[in-house]
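Me: I am new to this structure and would like to go through its chain contacts and its cores step by step. Please take my questions one at a time.

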Amino acid sequence: MAKLAAVVGIGQTHYKTRRGDVSIAGLVREAAVNALEDAGLGWDDIEAVIIGKAPDMFEGVIMPEIYLTDALGCNGKPMLRVHTAGSVGGSTALVAASHVQSGMFKRVLTVTFEKQSESNAMWALSTPQPFSVHLNAGAGGYFAPIIREYMRRSGAPYDVGIKVAVKDRLHGARNPLAHLQLPEITMKEVEDSMMLWDPIRFLEACPSSDGACAMVICSEDLVAESPKPPAWIRGVAMRSEPTMYAGREEVSPQAGRDCAADVYRQAGITDPRRDLDCAEVYVPFSWYEPMWLENLGFAPEGEGWKLTMSGATSLDEGGDIPWNCSGGVLSSNPIGASGMIRFAEAARQVRGDAGAHQVEGARLALGHAYGGGAQFFAMWVVGADKP
Amino acid sequence: MSEDTEAVTRIETPVYLQYNFTAGRAPARFLERIRQGVLTGQRCPRCANVYIPPRGSCPACGVPTEEEVVLPDKATVQSFTVVAIPIPNNPIKPPFVIANLVLDGANISFIHLMSECENSEVHIGQRVQAVWKPEAEWTYAMDNIRYFKPIDEPDVPVDRIGRLPIGGWEDEQ
Amino acid sequence: MTAMKEIAVVAFSQSDCLARAGAANEVELIMPQLRAVFGQVGLNNAQDVDFVCSGSCDYLQGAAFAFVAGVDALGAVPPIKESHVEMDAAWALYESILKIRMDQAESALIYGFAKASAGELPTVLSQQLDPYYLAPLWVDSVSLAAMQARLLIEKGLATEQAMAGVVARARKHAMVNPHAQVSGEVSIETLLAADTVVSPLRESDCAPVADGAAAMIICTVDKAREWGVPYAVISGIDHRIETHNLGMRDLTDSPSTRQAAAGAGVGRGAVEVAELCAPFSHQEIILTRALGLGDDTVINPSGGVMAGNLMMASGLARIGEVFRRIVSGDISRGVAHATSGPCLQHNLVAVLESA
């Protein structure tokens with residue numbers, strides 16, 4: 001059996017377009033210091049550091065963890081660098097947890113980041129390759145046709161994505177760390193925003209952010225040494241499948257379904273909508289909420305959009321299964337950290353420490369991340385109760 | 001530091017690195033043939049699916065692919081998007097249509113441009129054909145096909161997209 | 001506390017070390033090594049192991065997400081449990097061990113690959129330095145290593161003769177390594193007769209950079225018995241990093257290697273063989289001392305990375321070389337080492353023993 005592990009410290013930076021006040025090292029340190037303070041611990045209490053970020057080309061620094069070791073107090077300790085595309089924030093949390101769950105470590109620090117303002121991600125993703133046409137129109141150009149196929153299959157009305165865009169920004173307005181602060185946003189404003197990659201409008205897409213997120217994860221016997229309630233790790237899962245293969249189900253990838261089934265089994269969840277109190281799910285384009293509601297088993301196939309439209313996923317509408325109370329990726333997107341923010345925000349909820357976006361009485365929450373061509377998945381379930 | 005010195009919040013340090021990119025043995029073979037205006041995929045020895053452009057393996061089975069299959073330049077729209085923002089360093093002016101297209105006889109889509117069409121009339125299942133650049137301009141690139149344009153053939157039902165024979169949709173009917 | 005689950009290495013394969021792998025892409029480099037390790041155990045593909053982890057570096061190929069293409073070599077349908085480190089695959093092995101010890105897997109496939117020939121490696125690696133102070137200076141990895149070698153010589157801890165001796169021995173050992181890029185009998189005098197390229201380093205002091213891939217399968221001891229294959233046990237593994245600030249380091253020593261060696265339990269028995277990832281001849285001298293190895297240890301019987309430095313897989317290959325010697329019955333205990341960062345900044349040490 002895996003050893004019990006819990007999140008005892010969470011630290012984030014505030015997210016914004018450009019953090020000109022800090023270097024990359026300053027950014028990650030800010031999150032790490034916040035996590036240590038939250039855990040009531042110092043650098044010497046940490047045995048290993050696990051770092052994650054999306055492609056090195058985003059900042060133009062090769063293996064930046066080699067330089068960040070000083071800022072993150074790694075010296076003399078094991079340091080590991082994870083990179084699994086957009087899911088990396090989630091994968092990194094899982095690799096960090098495995099340090100403790102394996103019994104090899106008592107307490108580790110994990111940090112993920114992206115400083116998109118110091119780079120050109122669009123360039124990094126479009127280094128030309130001769131066997132494909134140079135049509136790199138950003139991630140939206142890749143995901144828009146898949147969303148269109150979902151709309152065709154489900155017969156969902158055109159404004160489901162608009163509803164999600166509004167809901168997550170209203171959630172984000174409750175979270176002082178969120179990049180986009182749009183408390184007055186309306187359906188009309190989203191609908192009138194520029195169509196970028198039809199059917200994705202400007203306000204239905206995530207922003208580009210600077211930011212970092214960190215967590216302290218420790219073994220069962222050390223949990224009591226930190227002052228705040230722990231978030232017990234109740235299940236961990238990752239799955240990968242190829243970007244393209246004949247007959248691949250792109251709208252609801254099997255890797256996502258399998259990953260969810262695995263993490264639910266570990267956490268004893270049989271009906272995710274009923275058993276979970278809330279979820280932080282990687283939704284970079286608004287339509288991915290209804291798509292993931294189905295992929296993750298919160299709604300039957302073709303009916304995820306009905307949940308969204310009913311307000312079930314909205315904190316403001318008193319929904320029974322609020323999604324992305326922090327504002328989600330649609331409100332803040334430091335790519336390499338975005339997955340970990342989902343994991344950390346799920347943990348904040350079950351610790352009862354989510355401030356104005358707290359789901360009352362949350363005991364069990366899902367953190368979710370995905371990456372690549374919606375082919376890499378990482379998930380965890382955290383709970384207030386010790387398993 | 002004197003108090004009237006402004007904090008440095010940004011420096012520019014351009015990075016230039018040169019690479020000799022190699023596409024791979026299978027993609028290189030594909031590029032040699034497209035230089036001659038021929039579209040060549042590869043068939044998986046295990047699941048028999050045809051991949052184009054080939055990468056040298058069947059991603060589903062994890063086995064090398066070697067058998068080459070020459071494919072026609074007619075395709076079906078699997079899905080698409082109308083892009084309203086310009087692509088960096090690309091002369092194409094928005095709005096333009098990029099589509100996931102599956103060639104007849106192939107089992108996987110690739111992304112390409114669609115043109116000579118009303119953007120609002122593009123739809124899933126639509127039949128299209130390649131419009132090639134003049135032969136004199138052909139090089140080792142997928143761009144030898146300027147774009148795909150709609151052709152006068154009935155739509156392919158969704159469950160048949162990606163499953164047409166090399167002979168095409170009319171052959172199937 | 002209950003004892004940690006023992007980890008068995010059951011298969012290893014590496015490609016030939018080639019200065020240029022020609023037209024082959026990532027998938028084409030990886031697949032033959034996967035076939036080889038699956039064959040050694042009698043498995044079909046990645047579906048037959050519980051976890052897969054790889055190591056690679058986007059910048060060596062010059063393409064973001066270079067590792068994503070690697071998944072196309074696995075047969076990952078239905079989906080698999082898979083992860084990736086932007087590090088040498090020796091660290092992918094480390095992550096895999098965590099997965100087995102937490103009971104999420106009984107077996108794991110590990111692979112590393114690179115096509116370093118696509119770029120100018122020493123220049124590319126200059127961009128792994130501090131992006132504000134050092135990277136804009138474009139200090140390449142060979143120059144930094146040369147600085148380290150100079151310090152070593154000035155302190156009387158090495159001589160150019162001793163460094164040439166490392167190279168001559170490595171090349172002689174490499175004569176029995178079928179994957180070697182460079183091998184053969186060469187005298188110290190001949191090596192020293194060549195001019196230095198970045199003083200005090202000669203071209204021969206720098207490991208030849210190679211394209212290629214390596215793969216390994218590990219599992220629990222129970223699983224190894226079930227599969228009925230010979231295996232070696234990883235009795236200890238640890239890794240440590242030190243400061244990035246070269247001015248704060250004693251470059252003539254490797255305290256992180258010393259720490260990792262203590263953590264891995266190198267001193268708990270005789271070390272018959274040590275495979276060290278020393279991309280520069282003088283670094284072998286530093287590592288040998290940091291690991292406390294004496295004359296009774298054969299250093300780099302494969303020729304080490306002086307026979308060919310498979311970027312992102314050389315560390316894993318060192319572990320593979322020790323594994324091969326144990327299962328063939330040549331030795332019963334050996335040490336393997338992997339490194340990352342400028343001037344041996346980050347080091348991993350593993351101890352392998354016969355079952």
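Me: How many salt bridges does the rule find across the interface of chain A and chain C?

Reply: This is a predicted model, in which local features need pLDDT of at least 70 and side-chain atom pairs count only at pLDDT 80 or more, while totals for chains, interfaces and linings use all residues. Residues are numbered from 1 along each chain as its sequence is written, chains are lettered from A and ligands numbered from 1 in the order in which they are written, and side-chain values use heavy atoms, with hydrogens and water left out. A salt bridge is a side-chain nitrogen of Lys or Arg within 4 Å of a carboxyl oxygen of Asp or Glu. Under that rule, the number found across the interface of chain A and chain C is zero.

Me: What area is buried between chain A and chain C?

Reply: The contact (heavy atoms within 4.5 Å) takes 57 residues from chain A and 59 residues from chain C. Buried area is the accessible area, taken with a 1.4 Å probe, that two parts lose on being put together, summed over both. Carbon and sulfur atoms give 65% of the area buried between chain A and chain C, and that area is about 4900 Å².

Me: Which residues of chain A lose the most area to chain C?

Reply: Three residues of chain A together make up 14% of what that side buries against chain C. They are Ile62(A), Ile66(A) and Met104(A).

Me: Which side chains meet in a salt bridge at 3.4 Å, N to O?

Reply: Between chain B and chain C, where 27 residues of chain B are in contact with 32 residues of chain C, the count is two salt bridges. One of the residues that take part, Arg55(B), also belongs with Tyr19(B) and Arg25(B) to the three that supply 30% of the area that chain B buries against chain C. The side chains that meet at 3.4 Å are those of Glu26(C) and Arg55(B).

Me: Which residues touch the most other members of the largest nonpolar core?

Reply: A nonpolar core is a set of buried Ala, Val, Leu, Ile, Met, Phe, Trp, Tyr and Cys residues joined through side-chain atoms within 4.5 Å, where buried means under 20% relative accessible area, with a 1.4 Å probe and protein chains only. The largest such core has 182 residues, and the members that touch the most others are Phe298(A) and Trp380(A).

Methods: Buried means under 20% relative accessible area, exposed over 50%, partly exposed in between (1.4 Å probe, protein chains only).
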